[in-house]
Structure formats: structure tokens, C-alpha cells
Amino acid sequence: MTQLRRNSAWLPEMFNDLFVTDFMPKANATAPAINVKESDKGYIVELAAPGMTKEDFCVHINDEGNLIVKMENKHEVKEENKTMRYLRREFSYSKFEQTLILPDDVDKDKISARVENGVLTVELPKIEISKEKTNGVIACSAGNHAQGVALGATAHGIKSLICLPEGAPMSKVEATKSYGADVCLVPGVYDDAYKRALQLKDEMGYTFIHPFDDENVIAGQGTIGLEVLEQLPDVEAIVVPVGGGGLVSGIAFAVKSLNPSIKVYGIQAAGAASMVHSMEVKHKEPLASVSTVADGIAVKEPGNLTYEICNKYVDGFATVTEDEICGAILHLLEKEKVVAEGAGAAGVAAVMYNKIPVKGKKTLCIVSGGNIDVTILNRVINRGLTKSGRYCAINIELDDQPGNLVEVASVIARCGGNITSVHHNRQGDSQKINACILKIVCETRDEKHVAEINRALKESGFKVV
């Protein structure tokens with residue numbers, strides 16, 4: 001399908017893509033000459049395809065009001081074999097069908113199409129472009145909403161400007177640009193980008209698209225809840241990451257409206273728990289600051305709509321720490337083969353570390369994003385390994401004498417630990433003149449294994465600090 005743009009300048013490009021790129025090479029036909037004329041009533045598009053007759057075209061408006069173009073080209077293939085002295089003739093057919101999706105506000109009754117003498121003529125009514133579309137749209141986002149707005153605006157020929165926090169992952173920034181939007185990086189966090197977007201909206205006349213505090217956005221996100229019920233009708237609990245609250249509001253409203261017995265829980269990063277705080281004080285109240293690896297949900301203040309919907313439909317909220325988020329990212333990467341960003345993994349973290357009462361229930365976690373910057377992924381994995389007991393650092397106060405380091409390594413080896421680095425510090429804070437601090441980093445199986453190594457070192461006479 002092809003989306004019909006709202007400007008006559010796009011028509012030659014659209015029809016060129018439709019016929020020259022798609023159909024003509026397949027049909028071995030001569031590329032058509034495309035001519036777009038503007039009339040009092042609208043636009044006239046003419047495509048002259050030499051050698052093609054009226055029978056090769058079929059053009060009509062379907063029940064949905066979209067333009068359907070069907071083409072069939074019949075050409076002769078000759079193959080001559082001089083040795084066997086025969087000439088084979090056969091006909092080859094090339095078929096093509098394309099749907100042009102017309103804008104909703106186009107008067108479908110005024111569209112006409114006809115074929116005469118190898119010329120396809122399509123008459124389109126004049127498309128009035130609203131001031132909102134002419135001025136363009138603006139949005140603010142931690143990165144995910146930005147990409148959706150950029151893609152949607154570009155698909156409809158509308159310019160877009162997205163205000164992103166300066167600290168947004170580069171992958172999100174570049175992806176937003178790749179979808180056709182202009183990007184304005186704003187110092188601070190999401191809320192600072194929001195304020196800047198409102199300033200530019202007033203200055204330039206943009207239409208502002210809110211990332212969460214908007215009925216249409218909430219309704220769109222609520223369709224996820226409908227999909228969950230369609231695919232998993234026996235689900236008992238749904239766990240959703242929360243920033244400003246748009247996603248959890250939409251899902252909770254949709255799910256609770258159809259099945260009130262299903263529990264819906266919202267999860268926030270402990271360093272950006274704006275909705276949790278507002279629920280605790282019983283009114284919407286901003287945080288002084290936010291800081292979390294889950295940049296997609298780093299919001300200082302929930303929305304007016306989202307606060308009211310969450311207060312009515314969400315069964316409970318919980319927070320997860322940075323280490324717990326990193327542990328969840330590692331779990332998804334290692335066990336589920338899913339690359340999730342911090343915000344997307346927040347719900348999984350809450351279930352993994354028993355932050356909500358879902359044990360024994362059929363529970364679904366919404367993994368809401370995978371835009372994690374590869375430059376921080378290694379640090380996240382290391383934090384996750386440490387949180388899960390797969391990676392540990394042990395500090396030992398040790399007499400600085402020959403053989404002690406070997407003995408420490410032997411104890412760890414007997415317990416099955418794998419030493420990856422050793423740091424020997426003679427300038428530590430020990431009261432003993434001839435002592436040093438030995439920092440050993442090693443790979444372990446789990447938290448029980450870490451405890452086993454620490455116990456073995458103490459039983460061997462070493463002071464673990």
C-alpha cells in the first residue's frame with residue numbers, strides 16, 4: 001500500500017514509485033511519462049505508458065474509498081534454436097495491484113480514473129492543508145514516544161521537532177533523526193525537555209503531542225491491554241513500567257473494563273518514583289530530581305489524566321533499585337534472548353525480586369522498550385552479574401608477606417571461584433604497618449557461592465573487610 005501525501009509536489013514521486021519502480025520493470029514495459037497538472041478542482045495525474053492498452057489497466061475506488069490500481073501486461077517471448085531448427089513462441093504475463101490510501105478528509109466522490117489510448121488519468125480533488133499540518137508538530141520524550149511521533153509525522157508529510165533530554169541514549173537520538181524528525185537536545189531530564197517543547201510550541205505555532213497525558217495517546221496504549229486479553233485470556237496479573245503513567249493508564253482502563261478481577265501493577269525506578277510518591281501523598285506532586293538507568297521512565301511528575309486513571313484502576317505500585325533493573329536486563333538478555341532497556345525491564349525486576357504479590361499467578365510483564373545504548377550495556381551487565389551473585393569483589397586485609405596471595409587464591413579456587421582481577425594496595429587504611437588491602441574480583445555461581453567463599457576465607461584466618 002502507498003500513503004497518498006497531502007501536497008501536489010509528492011504526486012510525481014508517489015506515482016513514479018508506484019509504476020516506474022514496481023510495475024514497469026516486472027512487465028518489461030516502457031517506463032511511463034508522468035505529468036501532474038493542477039486544476040481549479042484539484043490535481044490531474046497522467047501516466048502515458050506506450051504499448052499498454054485499456055485492457056491492461058483496471059482502476060476503481062473500493063468500499064473504503066481507496067484507489068485500487070490493477071495492471072496486467074502481456075508480451076511475447078521468442079526463443080530460436082538454430083541447431084534444432086525450431087522457433088518457440090509463448091506469452092508471458094506480468095500482473096500488479098496497488099492500493100493508494102487516500103487521506104480521510106478527501107472527498108472520495110470527486111475522485112475519478114480512466115484509461116484512454118495507453119494513458120492512465122487520475123483526477124484528485126484539491127486537498128486543503130490545515131494550519132496545524134503546515135506548522136508541524138512538536139513533542140518531548142525520553143526517546144520512545146519521540147520515534148513514534150517522528151515516524152507518524154514523516155509518513156503524512158508533516159514536519160516534526162522532538163525535544164529530548166541531553167542525556168538520552170545516542171541510539172534513541174539517532175533513531176529519531178532517521179525517522180525524519182529534527183531533534184532539539186535540552187539540558188536536564190524529561191521534564192526540562194517538556195518545558196522547552198511548550199516554549200517552542202508557543203513561539204513557532206507547532207501542535208504539541210503529549211507523550212502520556214493525552215486521551216488519544218492513552219487510548220492507543222490501551223490497545224496493548226486488548227491484545228493481552230485476546231492472546232492470554234486467562235492472565236491473572238499484568239505488570240507495567242511507569243514513567244508519566246500513560247501506558248499503565250491505558251492498559252489498566254482497558255483490562256479492568258473487560259475483566260475487573262485481573263490485577264494491574266505499576267512499577268517505577270526507585271530514583272524516579274514520581275507516581276509512587278504522588279499516590280503516597282494522595283495528590284499529584286513533582287519530585288525535586290530524578291536519576292535512574294531507566295531513562296525511558298525518568299519523569300519528575302505524572303500527568304493529570306494519568307494520575308486520576310491510575311488512582312482508580314491500578315491495583316498497586318512498587319519501586320525497583322538500579323541493581324534490580326540491571327539484574328532484570330541481564331535475565332532477559334541471557335534467558336529470554338531479549339535486549340531490553342532499563343524502563344522496559346522494570347516490570348520484570350519487580351517480579352524477579354518479589355516486589356509485588358504475584359507468586360503463583362499467571363503473570364505478564366510488559367517489556368516496553370529495547371532502546372538501550374550499547375555503550376552502557378556492558379556496565380549494566382556487570383551490575384546485573386553482581387546483583388545475581390555471578391560476579392563479586394572481595395576485600396581482604398592481608399599481612400604483606402610472601403605466600404599469602406597464593407594461599408588466598410588457593411582457598412577461592414577450592415571453592416570453585418574464578419579470579420578475574422587482583423588489586424594489591426599497600427596504602428590502605430589498615431592500622432597494621434605491614435598490612436595491605438587485597439581486592440579480588442571473581443566470577444561465581446550465585447549469592448550462596450559468594451557466601452561460601454567468604455566463609456572459607458574467614459575459616460582460613462583471613463580478615464574479609
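Predicted model: local features only at pLDDT ≥ 70, side-chain atom pairs only at ≥ 80, totals over all residues.
**Notebook: a first look around**

I began with Lys 172, which counts as buried at 0% relative accessibility (buried is under 20% relative accessible area, exposed over 50%, partly exposed in between, with a 1.4 Å probe and protein chains only). Lys 172 has its place in helix α4, residues 170-178 (helices, H or I of at least four residues, and strands, E of at least two, are DSSP runs numbered from the N terminus). I then looked along the chain and found that Lys 172 and Gly 370 are 198 residues apart in sequence, yet 10.0 Å apart in space, C-alpha to C-alpha.

Residues are numbered from 1 along each chain as its sequence is written, and side-chain values use heavy atoms, leaving out hydrogens and water.

**The whole protein**

I counted up the protein next: it has 14 helices and 20 strands. Of its 465 residues, 45% are buried. I also checked contacts (heavy atoms within 4.5 Å): among those with a separation of 6 or more, 65% join residues 24 or more positions apart.

**Ser 160**

I went to strand β10, residues 160-165, where Ser 160 is found. Is Ser 160 buried or exposed? Ser 160 is buried, with a relative accessible area of 4%. Neighbours within four places in sequence aside, I found Ser 160 in contact with Val 137, Ala 150, Ala 153, Gly 180, Ala 181 and Asp 182.

**Helix α8**

I looked up α8, residues 274-281, and noted Ser 274, Met 275, Val 276, Ser 278 and Met 279 as buried. What covers the buried residues of α8? The cover includes β14 (263-269), α9 (304-313) and β15 (316-320).

I followed up Ile 356: residues up to four places away in sequence not counted, Ile 356 touches Val 239, Tyr 265, Ile 267, Ala 318, Ala 350 and Val 351.

**Cysteines**

I finished with the cysteines. A disulfide is a covalent bond between the sulfur atoms of two cysteines. How many disulfides does the structure hold? I found zero (the cut-off is a pair of cysteine sulfur atoms within 2.5 Å). Cys 392 is in no disulfide, as the nearest cysteine sulfur, that of Cys 442, lies 3.5 Å away. I noted Cys 392 as buried, with a relative accessible area of 8%, whereas Cys 365 is partly exposed, with 24%.
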